[in-house]
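Reader: Hi, I'd like to go through this model with you. Could we take it step by step?
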Amino acid sequence: MDCEHGTFERSGTLERGLAVLRHVGLKQEISTNAIATQLGLSRSAVYRIVNTLKQLDYLEADHVTGRVRLGTRLVELGVRAMSSSDLHRAAPRFLAALAEKSGETTYLAVPDGNAMVYVATEQSAGAVTLKCRLGARRPQYATSLGKAYLSALSEVDRVERLRRMKLDRLTGNTIVELPRLLDELVTARRQGWALDDVENEPGVGCVAAPIRDRSGAPVAAMSVAGPAERVLPRRGELAGLVVATAAALSRRLGHVPAQGA
């Protein structure tokens, strides 16, 4: 628990609402009763706060379990907040250079819970327009961006995150077996890039690499995406481009690779 019982009972509505949002963000998905218990708030107060936040799209509820998670409005605010960050300011020229060299569409995405949120994109003159728009969320386990990010985490964090995820089959190629997915992420970590072999969207292939900050922690991922028949046969070539570009952006953010890495 992040606070002592009763701390927020004496706080104003705004403070309690922000405490609920922060707690949901930490837990990723949680029941309203659990929020009340863990924050030391009355159930009636939490139900009122949660209902208000759902009406405003700051929270959304799973239609099966009823558990709440962060909603689309917060994602939108997060994308806007990125405009003032080093990552967001630096990324466009790197994405543009990668799009020009690859001839495809490039994306930058940041982690949010079990998803990756698309926050920037560039398109080459010959690229095919894809469906994914800025602010869209895609599952980490089924995208090259998500797998690149996961591969850059410590083994303990990676395993813990994946065990919490529900691995739904999105296409015939989606990897939904946990041991197989873990093995693929070990390979992705070793080679420095991850592949989406038509695992998230029919007909689309992607290659991605993680982006690290000055501490060495992964903070985002960058990808090249396009029609599978164009991207997958070029995976080796595109992987070299995206790894080099992601490394250059990481250096721009202050990351200094360890010697021999």
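Reader: How many helices and strands are there in the chain?

Author: There are 10 helices and eight strands in the chain, where helices (H or I, at least four residues) and strands (E, at least two) are DSSP runs numbered from the N terminus. This is a predicted model, in which local features need pLDDT of at least 70 and side-chain atom pairs count only at pLDDT 80 or more, while totals for chains, interfaces and linings use all residues. Residues are numbered from 1 along each chain as its sequence is written, and side-chain values use heavy atoms, with hydrogens and water left out.

Reader: OK, what is the mean pLDDT of the chain?

Author: The mean is 85, and 88% of the residues reach 70 or more; pLDDT is the predictor's confidence in each residue, from 0 to 100.

Reader: And where is confidence lowest, and where highest?

Author: Confidence is lowest in helix α4 (residues 72-82), with a mean of 67, and highest in helix α6 (residues 144-151), at 96. Over residues 1-10 the pLDDT is below 50, although in the model this stretch has 21 contacts beyond near neighbours in sequence, a contact meaning heavy atoms within 4.5 Å.

Reader: Switching topic: which strands make up the open sheet, and in what order?

Author: Six strands form an open sheet in the order β5-β4-β3-β8-β7-β6, with antiparallel pairing; two strands pair if DSSP finds at least two bridges between them.

Reader: Why is one side of β5 and of β6 left without a neighbour in the sheet?

Author: β5 (137-139) and β6 (194-197) stand at the edges and have a single partner strand each, so one side of each lacks a neighbour in the sheet. From one strand to the next, the twist averages 35°, with axes being lines fitted to C-alpha atoms (for helices over the stretch in contact) and angles running from 0 to 180 degrees between N-to-C directions.

Reader: What packs on the sheet?

Author: Helix α10 does, touching β6, β7 and β8, and its direction makes about 25° with that of β7.

Reader: Back to the strands, how many bridges join β3 and β4?

Author: β3 and β4 pair in the antiparallel sense over eight bridges, and Ala109 has Tyr118 in β4 as its bridge partner. Their hairpin has two residues between the strands, and in it Gly113 takes a positive phi near 65°.

Reader: What about β4 and β5, how many bridges there?

Author: Three bridges join β4 to β5, which also run antiparallel, and Met116 is partnered by Arg138 in β5.

Reader: How many residues does the largest nonpolar core have?

Author: The largest nonpolar core has 31 residues, and Leu87, Leu108, Val207, Ile211, Met222, Val242 and Leu249 have the most contacts inside it. Such a core is a set of buried Ala, Val, Leu, Ile, Met, Phe, Trp, Tyr and Cys residues joined through side-chain atoms within 4.5 Å, and buried means under 20% relative accessible area (1.4 Å probe, protein chains only). A second, separate core has 25 residues, including Ala136, Tyr141, Ile175 and Ala188.

Reader: One last thing: which residues of helix α2 are buried?

Author: In α2 (residues 32-39), the buried ones are Thr32, Ala34, Ile35, Ala36 and Leu39, and they pack against α1 (13-27), α3 (43-55) and β2 (68-70). After α2 comes Gly40, whose phi is positive, near 70°.

Key
Buried means under 20% relative accessible area, exposed over 50%, partly exposed in between (1.4 Å probe, protein chains only).
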